[in-house]
Amino acid sequence: MIRADFALRHAGQLATMVPAPDDPLGRIKDGALAARAGRVVWVGADRDLESQVGLDGDLLDAAGACVIPGLVDAHTHPVFAGSRADEFAERVRGVGYRAQQSGERGIARTVRATREAGVTTLIELAAARANRFLAHGTTTIEAKTGYGLDLDNEARSLEVLRKVAEQTRLRVIPTFLGAHVIPPGVDRQAYVRSLIDEMLPAFRPWAVFCDAWCEAAAFTAAEARAVLGRAKALGYEIRVHAAQLAPGEGPDIAAELGACSADHLEFATPAQIKALAKAGTVAVLCPGANFTTHGPRPPIEAMRESKLPMAIASDLNPGTCNSESLTLAMTLACIQWGMSPVEVLSGATVHAARSLKLEGIAGCLQPGSYADCAVVDVETPEAIPYYVGVNRVLRTVAGGAVWEPL
């Protein structure tokens with residue numbers, strides 16, 4: 001008999017996200033699961049639970065609600081202070097996002113506020129965001145730095161992420177995004193040299209990924225290649241902010257380096273999409289930021305045709321999408337871009353996990369995977385994006401423990 005310290009039973013539909021021949025969600029009707037030491041040890045029909053599993057721990061009754069894997073958010077910026085609500089209001093009046101990035105505005109404004117905040121304040125702010133992620137059924141996030149933009153403040157941001165992972169139930173995968181923008185008042189060449197010679201070697205033990213924003217408002221293609229090439233040589237896995245605001249070489253760089261993800265991609269070309277698919281890269285799409293900045297629709301059809309996996313992310317950030325709701329991002333992808341409910345649910349689970357090198361471990365429910373799941377008050381898992389902006393998550397389980405707000 002399998003021993004477990006946590007079990008969930010009576011899931012009306014349990015979406016394992018392990019595809020079956022007739023069901024891409026791999027669902028089990030009246031399903032159950034059992035876990036031990038934070039990992040799933042058994043999944044099956046509820047009627048078989050008691051005969052196959054010996055439980056020495058907690059039992060959660062889903063009472064007929066749907067159960068899905070804990071959502072995986074593959075693009076977030078959770079360490080920041082300050083507000084840019086006035087910029088949101090400006091964009092509503094027709095001011096473009098790029099016009100807000102000049103001088104001390106935009107990202108530079110958040111950098112200033114983040115540097116001025118104490119580390120305790122940053123931890124409190126990020127922990128509150130972690131709890132909002134969990135409340136919306138997200139149990140794993142990719143978490144970027146990028147609002148420190150010097151050695152000491154980027155180190156502080158990584159320390160905040162470490163503390164949040166210790167203090168909350170959220171699983172945090174850290175990404176070093178020193179190549180976000182050139183900080184105000186700093187020589188461009190000197191900053192790129194600092195990234196390559198100082199920050200990247202210093203942060204390799206702390207960060208799993210390195211990201212760079214390849215865009216006219218941020219880093220040139222040559223700069224991004226230099227930074228990301230050095231990062232890869234040091235052992236970082238690669239992610240790229242690419243082709244969000246205009247066509248560019250970001251997707252090409254991601255393909256050349258075998259990046260785990262290329263993010264945004266509104267202006268990616270069909271040839272770039274094919275190259276990304278061939279490289280094994282995941283497209284991480286950010287519907288919320290696209291929505292608030294009135295961006296064009298990404299080339300979804302080309303991605304489908306090339307079989308490029310599409311992850312859906314919240315892109316939590318203070319400038320363009322101050323939201324921890326991955327389910328809202330799923331809804332926007334359906335409404336704005338014509339993605340199907342199955343596509344966006346796969347995008348917020350298995351494809352997002354793949355982009356984080358957690359394939360088969362996060363974003364699914366099978367023996368050996370994380371015991372992360374969300375109990376959701378919906379008719380079927382496909383109905384989640386139908387509830388526009390409404391949180392239907394009843395309970396979140398992270399690592400085999402029912403999450404309770406701090």
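Asp30 is partly exposed, at 38% relative accessibility, where buried denotes under 20% relative accessible area, exposed over 50% and partly exposed the range in between (1.4 Å probe, protein chains only). The model is a predicted one, in which local features need pLDDT of at least 70 and side-chain atom pairs count only at pLDDT 80 or more, while totals for chains, interfaces and linings use all residues. Residues are numbered from 1 along each chain as its sequence is written, and side-chain values use heavy atoms, with hydrogens and water left out. Asp30 lies in strand β2 (residues 27-36), strands being DSSP runs of E of at least two residues and helices runs of H or I of at least four, numbered from the N terminus; although not a glycine, Asp30 has a positive phi of about 50°. A positive phi, near 55°, is also found for Asp315, which is placed in the loop between β13 (310-312) and α12 (326-337) and is buried at 3% relative accessibility.

When residues up to four places away in sequence are not counted, Met339 is in contact (heavy atoms within 4.5 Å) with Leu285, Ile300, Arg304, Met310, Ile312, Ala333, Cys334 and Val344.
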